[in-house]
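The sequence and the coordinates are shown first, and the description follows.

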Amino acid sequence: MKKTSLDTLPAEGGLGDEPLLAVDNLHVEFATRAGTVRAVNGVSYSLGPGETLAVLGESGSGKSVTAQAIMGILDMPPARIPKGEIRFRGTDLLKLSDEARTQVRGQRIAMIFQDALSALNPVFTVGWQISEMFRVHRGMSKRDAMIKAVELMDRVRIPAAKQRVNDYPHQFSGGMRQRIMIAMSIALDPEVLIADEPTTALDVTVQAQIMELLAELQRESNMGMILITHDLGVVADVADKIAVMYAGRIVENAPVHDIYRNPAHPYTKGLLESIPRVDLKGQELYAIKGLPPNLLDMPTGCAFHPRCPYRQDNCVTDNPPLYEINGRRNSACHYWREVLDGDQG
Amino acid sequence: MATKGERILEVRDLVKHFPLTQGIMFKKQIGAIKAVDGVSFTLDKGETLGIVGESGCGKSTLAKLLMALERPTSGSVMINGRDMARAKGGELKRMRRNIQMVMQDPYTSLNPRMTVGDIVGEPFDIHTEVAPKGDRSRRVQELLEVVGLNPDHINRYPHQFSGGQRQRIGIARGLALQPEIIVCDEPVSALDVSIQAQVINLLERLQNEFNLAYIFIAHDLSVVRHISDRVGVMYLGKFVELGKDVEIYDKPAHPYTQALLSAVPVPDPEGREQRERIILQGDPPSPANPPSGCRFRTRCWKAQEICAEEEPLLQIRPGTQHESACHFAETHDVVHVG
């Protein structure tokens with residue numbers, strides 16, 4: 001049985017101010033034939049135990065790439081991390097050896113993917129795939145691991161788990177497959193769970209079931225959760241704090257109530273205003289004009305300026321820093337005061 | 001929205017069963033997937049009927065039946081008083097001009113090897129009487145302008161456009177034959193949030209401009225509410241509730257509608273701890289073998305013996321203003337979908 005170098009990481013907190021997980025000024029770029037794509041440009045966020053951080057953004061905003069960098073599942077090359085730190089309990093994961101990283105992945109930090117059908121292997125039974133976690137990481141026998149797999153399937157409320165443990169992924173419905181993914185991710189009691197669009201492919205009624213299950217598991221184990229999504233409704237339901245991403249940067253981060261009550265960045269404000277509302281039925285929806293930027297050809301200054309109703313001359317030339325507001329939230333907009341006041345232009 | 005009361009579409013008892021067969025040489029039918037199982041509704045000029053329901057409830061099969069891409073097992077689809085389900089040859093072709101479709105995925109529904117001009121102009125190849133040959137490129141450019149694209153881009157290929165622009169190309173193609181009805185099957189669900197509002201606004205503007213009638217199929221309930229005059233809720237191949245948008249959203253009478261509405265996350269964190277939420281257990285049953293009586297009874301918290309024995313009909317129930325298919329229908333103010 002191989003004894004691993006898990007000891008390199010502190011088992012429990014006790015690090016003073018250091019949060020459970022901290023992403024600090026992370027940069028990720030991809031070398032492509034057309035040039036270097038800067039997918040993530042200086043992203044920072046932190047997560048405490050039991051906390052839910054929602055990362056909100058459209059496709060291409062860098063939200064998933066950041067998560068993949070935390071998990072250490074980026075293909076490098078073509079990806080490169082030129083700058084930044086990802087600290088887990090104070091240890092920079094990017095400086096760890098591959099072997100030490102493998103010990104963190106799945107055991108301490110786990111991930112759920114959007115599309116459970118393509119994330120599960122179609123030629124192995126679900127029981128085999130769940131129990132693999134125990135065989136590989138815990139060195140259990142096939143038999144014991146299988147018993148654990150049934151327990152986990154019960155825990156994520158798959159009916160008749162004992163009979164279904166030898167079924168294949170295609171024999172389950174979409175919601176049940178996502179439960180199997182969740183079972184695999186929580187198998188080793190991770191401290192951080194990253195859920196990348198966990199319910200996007202599911203119907204609303206099933207989405208409600210899955211979100212409830214995740215909230216319950218989180219309450220039981222006090223794990224920190226990073227929820228990556230583009231759905232403003234799901235975020236409002238579960239998040240403690242929100243980081244909004246646009247073109248590889250965090251443009252706003254704040255506690256959940258602050259953002260919905262009073263957004264401090266024009267992009268967040270535009271997203272919230274474009275949600276259809278009952279009292280505005282029959283009227284034209286507010287729409288953010290234009291298109292998300294091409295990462296190969298980013299606008300100068302603030303990346304949002306071509307679409308921004310608050311734009312002034314300096315937005316075209318100066319990229320705004322992440323301003324701190326009232327010591328509890330940030331906005332990457334030169335004119336955050338005007339945005340907060342709702343004073344357009 | 002200006003509703004001109006003239007009836008344009010009437011669907012009556014529409015049924016589509018897909019046979020399940022066994023054996024290779026001598027195929028024997030052993031059952032049927034009852035994808036659409038008795039659907040009736042009407043649509044007026046300039047009106048929008050929203051259709052919501054979970055995946056597998058038969059929404060998309062219904063769309064295909066309306067387009068005459070599938071032939072119904074029984075029932076009728078009357079467009080301007082003529083039955084499209086029974087039409088053949090030249091008559092069917094003429095009727096098809098009047099009902100067009102906008103697809104969900106603008107990445108796969110446009111042929112990557114055709115230029116935008118060819119894609120939008122292709123309907124004219126089939127219905128040559130609509131635009132004479134020499135006039136076509138001018139017509140295509142007009143259409144591009146109508147949907148907010150640059151008419152000079154007529155010779156570009158789909159990959160040169162973004163997702164939202166591609167959906168506009170799909171809409172232009174749907175408009176080419178000047179139909180009176182457009183079936184929109186999840187027209188915005190593949191688009192980014194900030195682009196969805198643009199496309200919805202475009203659809204509404206076109207409706208006002210050309211007095212189009214829409215069948216709007218979507219799973220995003222707040223988008224459906226925004227655009228629809230009436231809404232139908234489907235479950236396992238049947239409408240369980242049908243009524244004006246305010247009736248469905250504010251006074252849902254069927255337990256399934258209530259559960260569906262309460263499951264929609266509200267984009268406002270205020271008071272989220274107190275929000276009532278009905279979580280349905282399990283998955284919908286298989287449409288090959290639907291439960292007896294009421295199809296929703298296996299997941300329903302109100303189910304009694306009568307629900308297994310007698311199928312509730314879609315009709316106006318006491319205390320409600322609209323049709324619902326539940327023995328125990330009662331209005332219940334669940335949630336407010338934003």
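## The sheet of chain B

Chain B holds an open sheet of eight strands with mixed pairing, in the order 6-7-8-3-9-10-12-11. Strands here are DSSP runs of E of at least two residues, helices are runs of H or I of at least four, and both are numbered from the N terminus. Two strands count as paired if DSSP finds at least two bridges between them. The edge strands, each pairing on one side only, are strand 6 (99-102) and strand 11 (315-316) of chain B.

The model is predicted: local features need pLDDT of at least 70 and side-chain atom pairs count only at pLDDT 80 or more, while totals for chains, interfaces and linings use all residues. Residues are numbered from 1 along each chain as its sequence is written, and chains are lettered from A and ligands numbered from 1 in the order in which they are written.

Strands of a sheet pair through backbone hydrogen bonds, in either a parallel or an antiparallel sense.

| Strand pair in chain B | Sense | Bridges |
|---|---|---|
| Strand 6 and strand 7 | parallel | four bridges |
| Strand 7 (181-185) and strand 8 (213-217) | parallel | five bridges |

V183(B) in strand 7 is the bridge partner of M101(B), and in strand 8 of chain B its bridge partner is I215(B). I182(B) stands opposite Y214(B) of strand 8 of chain B.

Strand 7 of chain B is mostly covered, with five of its five residues buried; a buried residue has 20 or more other C-beta atoms within 10 Å of its own, an exposed one 12 or fewer, and a partly exposed one a number in between, with C-beta atoms placed from the backbone. From this strand I181(B), V183(B) and D185(B) point one way, and I182(B) and C184(B) the other way.

## Chain B as a whole

Chain B contains ten helices and twelve strands. Its radius of gyration, taken over C-alpha atoms, is 21 Å, close to the 20 Å of the globule rule for 338 residues, so chain B is as compact as a globular protein of that length. That rule is 2.2 Å times the number of residues to the power 0.38. The C-alpha atoms of chain B fill a box of roughly 65 × 60 × 40 Å along the principal axes. Buried residues make up 46% of the 338 residues in chain B.

## The contact between the chains

The contact takes 33 residues from chain B and 37 residues from chain A, where two residues are in contact if their C-beta atoms, placed from the backbone, lie within 7 Å. Helix 6 (193-210), helix 7 (221-227) and helix 9 (255-263) of chain B each give two or more residues to the side that touches chain A. Helix 6 of chain B gives the most, with six residues.

## Helix 4 of chain A

Helix 4 of chain A (residues 126-138) has a kink of about 30° centred on E132(A); the bend is the angle between axes fitted to the seven residues ending at a residue and the seven starting there. Its buried residues include I130(A) and F134(A). Among the elements covering the buried residues of helix 4 are helix 5 (142-155) and helix 7 (174-186) of chain A. Just after helix 4 of chain A, G139(A) takes a positive phi of about 65°.
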